[in-house]
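Have a look at the picture first, then read along with me.

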Amino acid sequence: MARIAYFGPEGTFTEQAARALAGPGDELFPVETIRLALAAVRRGEADSACVPVENSVEGPVPATLDGLAEQEPLIAVAESLLPVHFSVLVRPGTTRIETVGSHPHALAQVRQWIEVNLPGARTLASSSTAAAAVSVQAGELDAAVTAPVAVQHYPLEVLATGVNDVDDARTRFLLLRRPGLPLPEPTGADRTSVVAAAANRTGALAELLAELAGRGINLTRLDARPARGNFGEYRFFFDFEGHIAEPRIGDALAALRRRCHEVRFLGSHPRADGVRATVAPSAANEDFVDAAAWVEAVRNGDLA
Ligand SMILES: O=C(O)C(=O)Cc1ccccc1
């Protein structure tokens with residue numbers, strides 16, 4: 001039985017993702033922020049943490065990226081992809097809506113709906129969608145933009161559902177744990193994540209990308225976040241197809257390690273969408289194994 005900390009409170013999208021990722025008998029508990037969820041794992045209070053990492057409309061979740069680049073390393077061992085449809089919850093009997101709260105990612109995805117349906121309402125950021133529901137319950141906000149399940153957790157009423165401006169919006173969530181245990185087995189439909197700090201000079205990022213492209217590795221995400229200490233210095237977050245257990249991926253990671261003063265492996269795990277890695281001609285794992293065996297043989301004087 002594992003203890004899983006998730007970005008709560010109850011009724012967040014992250015809780016749904018955590019339930020999808022949990023095994024039978026696992027115990028889930030909410031924490032208030034993404035930072036606290038990661039801290040619970042680092043301190044050993046949880047075996048793993050479930051947090052959002054990227055959204056198809058709003059892009060990366062900065063708190064997760066920064067939280068993974070700093071402090072003790074954590075490793076992503078699984079992911080979940082959830083459709084995100086939003087509801088608007090109010091206290092029963094509400095007639096006037098002057099304030100609407102939610103997680104900034106949620107507010108950004110319902111702007112048009114609010115402009116048309118709640119003109120003049122002020123939008124206020126909450127730590128999560130469900131935290132906004134708690135504030136509505138407490139009378140601090142008039143309405144909350146939440147996951148549809150939130151109404152099951154709070155004594156509120158549904159004013160509207162399906163209020164998202166973009167259909168088919170999806171969010172990807174990670175299950176993270178401390179290093180030290182075996183990685184998930186490769187499946188052929190895997191994702192590997194790393195964060196690297198490259199030198200601040202011409203072509204540094206292009207050179208890293210060339211290391212991946214040259215090995216026929218398909219990138220699935222690239223984000224830059226400020227390194228914080230030094231204005232103008234960035235960390236690059238790479239997600240790409242493949243698993244560190246594969247020779248071509250190991251080879252690429254070794255090249256990133258050579259080129260960067262800081263590289264952190266963030267995990268290799270099966271993709272939630274099951275999409276299998278595309279492999280460019282002459283970049284299959286067998287090609288790498290064969291080429292390495294040939295070099296070894298030549299070194300040993302076996303082949304001319
Ligand atoms: O606040 C939540 O419910 C979360 O889990 C974060 C989030 C916010 C908006 C879209 C997807 C996830």
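Below are my entries, going from the whole chain down to single residues.

**Ground rules**

I am working with a predicted model, where local features need pLDDT of at least 70, side-chain atom pairs count only at pLDDT 80 or more, and totals for chains, interfaces and linings use all residues. Residues are numbered from 1 along each chain as its sequence is written, and side-chain values use heavy atoms, with hydrogens and water left out.

**Whole chain**

I looked up the secondary structure and found nine helices and 15 strands in the protein chain. Helices (H or I, at least four residues) and strands (E, at least two) are DSSP runs, numbered from the N terminus. The C-alpha atoms fill a box of roughly 85 × 45 × 35 Å, taken along the principal axes. Of the 304 residues, 49% are buried; buried means under 20% relative accessible area, exposed over 50%, and partly exposed in between (1.4 Å probe, protein chains only). I also checked contacts, meaning heavy atoms within 4.5 Å. Among those with a separation of 6 or more, 77% come from residues 24 or more positions apart.

**Domains on record**

UniProt, in an unreviewed entry, lists "domain: Prephenate dehydratase" at residues 3-178. UniProt positions are in the numbering used here, feature names are shortened, and annotations may be inferred rather than shown by experiment. Residues 3-178 are 27% helix and 33% strand, with the end C-alpha atoms 13 Å apart. The unreviewed entry in UniProt also lists "domain: ACT" at residues 193-271. That span is 30% helix and 38% strand, and its end C-alpha atoms lie 12 Å apart.

**The five-stranded sheet**

I traced an open sheet of five strands in the order β8-β7-β9-β6-β10, with mixed pairing. Its edge strands are β8 (122-125) and β10 (157-161), each pairing on one side only. The twist averages 30 degrees from one strand to the next. Two strands pair if DSSP finds at least two bridges between them. β6 and β9 pair in the antiparallel sense over four bridges, and Leu 89 has Ala 144 in β9 as its bridge partner.

**Helix α6**

How much of helix α6 is buried? Seven of the nine residues of α6 (residues 129-137) are, so the helix is largely enclosed by the rest of the structure. The buried ones are Thr 129, Ala 130, Ala 131, Ala 132, Ala 133, Ser 135 and Val 136. They pack against α1, β6, β7 (99-102), α4 (104-108) and β9 (143-146). α6 lies across β6, β7 and β9, running at about 160 degrees to β9. For such angles, axes are lines fitted to C-alpha atoms, for helices over the stretch in contact, and values run from 0 to 180 degrees between N-to-C directions. Just after α6, Gly 139 takes a positive phi of about 85 degrees.

**The aromatic pair**

I searched for rings of Phe, Tyr and Trp (its six-membered ring) with centres within 6.5 Å; planes under 30 degrees apart count as stacked, over 60 as edge-to-face and the rest as tilted. The count comes to one aromatic pair. The rings of Phe 13 and Phe 86 have centres 5.4 Å apart and planes at 85 degrees, so the pair is edge-to-face. Phe 13 lies in helix α1 (residues 13-21) and Phe 86 in the loop between β5 (75-83) and β6 (87-90), so the pair ties together parts 73 residues apart in sequence. Both Phe 13 and Phe 86 are buried.

**Ser 80**

Ser 80 sits in strand β5. Is Ser 80 buried or exposed? It counts as buried, because its relative accessibility is 8%. Leaving aside residues up to four places away in sequence, Ser 80 touches Ala 17, Ala 20, Leu 21, Thr 171, Arg 172, Phe 173 and Ala 272.

**The four-stranded sheet**

I found an open sheet of four strands in the order β13-β14-β12-β15, with antiparallel pairing. Its edge strands are β13 (219-226) and β15 (262-270), each pairing on one side only. The twist averages 15 degrees from one strand to the next. Seven bridges join β13 to β14 (residues 234-241), and Arg 225 has Arg 235 in β14 as its partner. Helix α7 (residues 204-214) packs on the sheet, touching β13 and β14, at about 15 degrees to β14.

**Cysteines**

I looked for disulfides (a pair of cysteine sulfur atoms within 2.5 Å) and found zero. Cys 50 counts as buried because its relative accessibility is 0%, and Cys 260 counts as buried at 9%.
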